[in-house]
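Visitor: I am new to this structure. Please pick one part and take me through it closely, with its surroundings.

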There are 2 protein chains.
Amino acid sequence: MLTEGILFTDRYQLTMTQLYHRYGLAERTAQFDYTFRSYPDYGSHQAGYCITAGLGPLLDWMGRTWFGPEEREALRAVRTSTGDRLFEESFIDWLRESDGFGAASIWAVPEGRVVHPKTPILTVEAPLAVAQLLETPLLNRLNYATLIATKTSRVIEAAGGAAVLEFGMRRAPDAAANVATRSALIGGAAGSSNFAASHRLGFDSKGTHAHSMVQVFMADAGSELDAFRAYAEVYPDDCLLLVDTIDTLESGIPNAITVFEELRRRGHRPVGVRLDSGDLAHLAVRSAALLDEAGFEDASIVLSSELDELTIWQIRNQILEEAGGYGVDADRLLGRLVYGVGTRLATSHGYPSPDGVFKLVALESPDGGWRPAIKISETPAKVPDPGRKRLWRVYDRRGTATADLITLDDHDPAGRPIRLVHPSYPEVRRMLTAHQVSEVEPIRVQVMDGGRRTSAGAGDIEAARARRARDLARLDPGVRRLVNPHTYHVSLSPELSDLKQDLIAGFKGP
Amino acid sequence: MLTEGILFTDRYQLTMTQLYHRYGLAERTAQFDYTFRSYPDYGSHQAGYCITAGLGPLLDWMGRTWFGPEEREALRAVRTSTGDRLFEESFIDWLRESDGFGAASIWAVPEGRVVHPKTPILTVEAPLAVAQLLETPLLNRLNYATLIATKTSRVIEAAGGAAVLEFGMRRAPDAAANVATRSALIGGAAGSSNFAASHRLGFDSKGTHAHSMVQVFMADAGSELDAFRAYAEVYPDDCLLLVDTIDTLESGIPNAITVFEELRRRGHRPVGVRLDSGDLAHLAVRSAALLDEAGFEDASIVLSSELDELTIWQIRNQILEEAGGYGVDADRLLGRLVYGVGTRLATSHGYPSPDGVFKLVALESPDGGWRPAIKISETPAKVPDPGRKRLWRVYDRRGTATADLITLDDHDPAGRPIRLVHPSYPEVRRMLTAHQVSEVEPIRVQVMDGGRRTSAGAGDIEAARARRARDLARLDPGVRRLVNPHTYHVSLSPELSDLKQDLIAGFKGP
């Protein structure tokens, strides 16, 4: 479909590409970097790291997309202000004959890894026209996916080991709901309510029933208890009941216990209850007390309703304060909780607008050498790092990540003292001696070489989940803090910093 | 594809549907209402109305979607906790043999119209199973679309008649970028940078070039002026130049004027410039002064960079203050401005999470009559209005919309005094005499009758744009205010209010 192919792009990518073609620049090799400018700031809380996501589906899309007959017809239909064709047939012919993304190579930080602002998370090397045409679809796919994986990872940390389920489809942005599901799984969610996306990714979808089921029985002269009994009859081994349609403590929990007792007598093990309104922490404590008293100490208690990382963190703290007063063991209760997180996860509530960019950093000259490209801004932090580069992660003696280091492409910092220069203020420098460093890890891998996928696992969700878990274990707790996290260091090598400052000086020059 | 069909849904819709099938409820006719609970609150500013969108694509989807072989296989793959199949073959057979959405009828407020919270914007009447299965995809499609159409309408009003272009794809949520484009056009945008979506909807896409084009020429030992000349050469009648790659006033505008003069000598009319950073209001004034001096009084000045309704409103005010000091006519300048609005539009910045819901309101009884359904909440405002209903808009003698009135299905309030009851506090009542009312308009139309589309124009963008313009002209300026708008009245008829209170009382009963 036209709206899902190569013309899923901003028009200016096409007008620029035609110009490159006309000026003999279209096939000159270029490098563009994908980077983002700042950590998500959700208002009352802030991220100190991001989890990268979206690469696998992007590579899949590149593998099947270029200008076909439908796309070429659409280009022919565009008119200038004087009524002529905007796109010439010679340009359209060139697009048709071009190798398209078959000429692209990509180096990228794999999905699921911790990443930081102003680092080249991904670099595309391709003919200028091809790299330029990739900009919009690449940003569109990486920005949202990374935002949701990051938000999920924060929710997972707030939940402190309890399972988190993604329930966001109904309020996620249209078809992006499927991307939210995939990104949530990369970010650490235990599962999702999204049936088809889960199935396709090899996960079991989650969920039982809504208020409407109870309403149906009541509108049909039945009761909440009738609805619960019906559910237990149809799903005796998967019986998780939503208990707040009428009144959680007065009706829902007692009715659920009645049905659970009936199930137990028939030899089945009830799964648990879901609370979806009211003071969730208080109701969880009171529900746990009632379930325990009836002998259902193992029944899960699923909490949902406008949850996010701060709310979950608050709920857990309230439970620690309140549980004892009702004879409930707080730690046991926390261990049986499951969090269903929907709207606020799938919309990255508080920070819906990612700031990822894709910038030209180098252009091959006609004689074959590379020329670094730069864009000047009055804000030093907005000047992209020029040239062809590599990205490293430096671990301290404890094995904790202490800095991300960007170097020029021919530089390997391993095995010697590491010099770190501030990316915007070159006078700010520090040095790590060899004995302060336990590892220097190149964190990007080549995932595409001349259009050929070179990393079979680039879209593997389980591998991405494992990467996230491993990276978080090596991240300073201060950086992982939900509110006002400690700032992680991103540094340049002295050589890169010098190149950048030289280019800035030359730019401002005579 | 599995992830775009009927299984693009929350799993619990399927488990509930199987239960309805087992209990002989699946084919009982039900009514569900789509409504939203509150106006968007963007933090520092708030909406006083919404613009409905998303209906056309939803109806298209319903027309092509049901359980096919791939969907049935996916259902068969789901296991219970004890390893049995969760979905029985008899249920899957029933789904296959069912008419699906061919049994659904829908009444809805057409796209582009002003709508308010807690009104039944759309009602589905269908077999219970079919209506239940529609919930997730319906909410997913209407929620985001309405949010973006609403945001756009606010931006349009802030722009005060100037053209607004949607530039949001790169930071829109993945494939929802296409929905953002469609919704922005419904909300009043003059165009979008999204090539394919614009083309498909019959609009010309917008956009010229990015900073990268200037960077390419500079990295290739050229200059900004070389880049501009190349652009003018390729697009002599569509020449709009981005002037802030180096320095807007010192480099970009002077170079653009040089190129515009060359174009003029060759008989072409330059289109204008785009400013994408810095103090946009100040730079617009200074750029206008320079363009005027060179005789390009008609050249457009496109502003972009993190714009939203408040920023645009501030820019316009600053221009009114500042233009005179530079000899620029403020009103003329405001008239030549174009606003490119991207990220903050496509993500509904400040309010990314819509709160639309789809609730059971009536169920047909086995004897053929209707039974109203209700869901109780401790918050009166969250109790949905029960039963089969109609939605009216009441206009005062000036022709201004004064209230939306929800009545029972057999009630026509036209031509007599209109009694309005507060939806949550039934003691709050008022009456409009016949001479206070100029029109009582039924604002929903039947768009589907037993699966058949009954309103050919349900997806027509131009018709939706016209509806929005007409509705805004009939909306009180206080309600349209960007900040702290006046609250529009939504009322119930006395009969509906009585039914609701009776059901609440019965629910809480003995």
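Guide: Two residues are in contact here if their C-beta atoms, placed from the backbone, lie within 7 Å. Keep that cut-off in mind. The part to follow is helix 5 of chain A, residues 128-159. A word on the source first: this is a predicted model. The mean pLDDT of chain A is 95. Of its residues, 99% reach 70 or more. For the model, ipTM is 0.96 and pTM is 0.97.

Start with the partner helix 12 of chain A, residues 309-322. Which residues of helix 5 of chain A meet helix 12 of chain A? They are Arg154(A), Val155(A), Ala158(A) and Ala159(A). Angles under 35 degrees count as roughly parallel, so helix 5 of chain A is roughly parallel to helix 12 of chain A.

Now take another partner, helix 1 of chain A, residues 11-22. Helix 1 of chain A packs against helix 5 of chain A at an angle of about 175 degrees. Their axes are 9 Å apart. Angles over 145 degrees count as roughly antiparallel, so these two helices of chain A are roughly antiparallel. Helix 1 of chain A contributes Gln13(A), Met16(A), Thr17(A), Tyr20(A) and His21(A). From helix 5 of chain A come Leu128(A), Ala129(A), Gln132(A), Leu133(A), Glu135(A) and Thr136(A). This contact divides into five nonpolar, five polar and one charged residues.

Next, the domains. The domain assignment gives chain A a domain 1, 2-149 + 350-508, and a domain 2, 150-346. Their C-alpha centres lie 39 Å apart. Where they touch, 21 residues of domain 1 of chain A are in contact with 23 residues of domain 2 of chain A. On the domain 1 side, the elements giving two or more residues are strand 2 (50-51), helix 5 and helix 15 (461-473) of chain A. Helix 5 of chain A gives the most to that side, with six residues.

In all, 82 residues of chain A are in contact with 82 residues of chain B. Helix 5 of chain A is among the elements that give two or more residues to the chain A side. Others include helix 1, helix 6 (176-186), helix 9 (224-234) and strand 12 (356-364) of chain A. That side counts 39 nonpolar, 28 polar and 15 charged residues.

How are the two chains related? A rotation of 180 degrees, with 0.0 Å of shift along its axis, superposes chain A on chain B with an RMSD of 0.0 Å. That is the relation of a two-fold axis. The same surface serves both copies, and 100% of the contact residues of chain A recur in chain B.

Notes:
Residues numbered from 1 in each chain as written. Chains lettered and ligands numbered in written order. Predicted model: local features only at pLDDT ≥ 70, side-chain atom pairs only at ≥ 80, totals over all residues. Least-squares fit on C-alpha atoms with pLDDT ≥ 70 in both. Helix = DSSP H or I, 4+ residues; strand = E, 2+ residues; numbered from the N terminus. Nonpolar A, V, L, I, M, F, W, Y, C, P; charged D, E, K, R; others polar. Axes fitted to C-alpha atoms, helices over the stretch in contact; angles between N-to-C directions. Parallel < 35°, antiparallel > 145°, perpendicular 65-115°, else oblique. Domains from an automatic or database assignment. pLDDT = per-residue confidence, 0-100.
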